Amino acid sequence: MTEAAQRLLELLDIERIETDMFRGFVEQQPGRTRIFGGHVIAQALMAAYRTVPDRACHSLHAYFIRPGDPALPVVYLVDRARDGGSFTTRRVVAIQHGKQILNMSASFQIDERGWDYQHPMPAIDGPENHADQAGIRAIHADRVPDRVRQEFLRERPFDMREVEPRDPVDPVRADDRNSVWIRMQAAAGQSSEMQHCLLAYASDASLLGSSLRPHGLTWVKGNVMMASLDHAMWFHAPIRFEDWHLYSMDAPFTGGARGFNRGMIFDQSGRLVASVAQEGLMRPITR
């Protein structure tokens, strides 16, 4: 288990400080000025799960309201909106400096059977045929500006292999459709609730980058301001995140300094386990 993976598992094991109040901590990263959005979503989902003992999350909808301060813990307030016979609803508010940085609604359902149908997984070579993202970044490290090199090379808690990687420093225009193989081996043996939280965390990685591809943009150059504005996720099947999953993404629209991104997450057998949608800020930076 890598140090980054072990630390993430510890950080998602949030602290209960009152009946429906929780505290989550953030790993300190040199040079980082805001909390990774997936981190807040994952902790908010865990806070909701701590009040729902007997059913699984099937969807969540979150809005990022303010940038999170990585120097402080985050307080999560859970509102028990509804406990129904089949569905349970929770609203979670994440707070720092006395202000909301995220609010999220999550819905949970008992295990029920119904009609099954899904889109097939894209015909893409397996992860063994693609290079590890960390290795690719190490090769290009000396081309990256000093101000972002530490973040560029930071160890991630999961393994990622891009199917059609772009030059990370000077990319050309490319199709918005892109796919990444992703897994976190440290997820082995974790609870079903933790599996959902880990996948929610990882779902915020690479997704917004889909909007940059048609424009030949990258966050590394510093010519675009990027931030997640909202994040929606639907869980379709149980997760075993220690195994490889294909994250198939696209960005059907950019405009108004925003980009709209979608993703489907398949396990290696081809089963669709989750779907994701996100709109993000992509504002031009002029100097």
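Colleague: Where does Asp 167 lie?

Modeller: Asp 167 lies in the loop between β7 (159–162) and β8 (178–183); helices (H or I, at least four residues) and strands (E, at least two) are DSSP runs, numbered from the N terminus. This is a predicted model, in which local features need pLDDT of at least 70 and side-chain atom pairs count only at pLDDT 80 or more, while totals for chains, interfaces and linings use all residues. Residues are numbered from 1 along each chain as its sequence is written, and side-chain values use heavy atoms, with hydrogens and water left out.

Colleague: Why does Asp 167 count as partly exposed?

Modeller: Because its relative accessibility is 28%. Buried means under 20% relative accessible area, exposed over 50%, and partly exposed in between, with a 1.4 Å probe and protein chains only.

Colleague: Which backbone nitrogens does its side chain reach?

Modeller: The side chain of Asp 167 reaches the backbone nitrogen of Val 169 at 2.9 Å, and one of its polar atoms lies 3.0 Å from the backbone nitrogen of Asp 170. A polar contact is a pair of N or O atoms within 3.5 Å; within protein, one must be able to donate a hydrogen and the other to accept it, and residues adjacent in sequence count only if both atoms are side-chain atoms.

Colleague: And how far is Asp 167 from Ile 136?

Modeller: They are 31 residues apart in sequence and 9.2 Å apart in space, C-alpha to C-alpha.

Colleague: On to the helices. Which residues of α1 are buried?

Modeller: In α1 (residues 3–12), the buried residues are Ala 4, Ala 5, Leu 8, Leu 9, Leu 11 and Leu 12. Seen down the axis of α1, they fall within an arc of 165°, so they line one face of the helix; the arc is that of the directions from the helix axis to the C-beta atoms.

Colleague: What covers them?

Modeller: The cover includes α2 (37–49) and α5 (192–203). Leu 8, Leu 9 and Leu 12 in α1 meet Met 194, Cys 197, Leu 198 and Tyr 201 in α5, where contact means heavy atoms within 4.5 Å.

Colleague: At what angle do α2 and α5 pack?

Modeller: The angle is about 160°, with the axes 8 Å apart. That makes α2 roughly antiparallel to α5. Axes are lines fitted to C-alpha atoms, for helices over the stretch in contact, and angles run from 0 to 180 degrees between N-to-C directions; those under 35 degrees count as roughly parallel, over 145 as roughly antiparallel, 65 to 115 as roughly perpendicular and the rest as oblique.

Colleague: Which residues of α2 make that contact?

Modeller: On the α2 side, Gly 38, His 39, Ile 41, Ala 42, Leu 45, Met 46 and Tyr 49 take part.

Colleague: What about Arg 183, buried or exposed?

Modeller: Arg 183, in strand β8, is buried, with a relative accessible area of 19%. Not counting residues up to four places away in sequence, Arg 183 touches Phe 158, Asp 159, Phe 241, Glu 242, Asp 243 and Trp 244.
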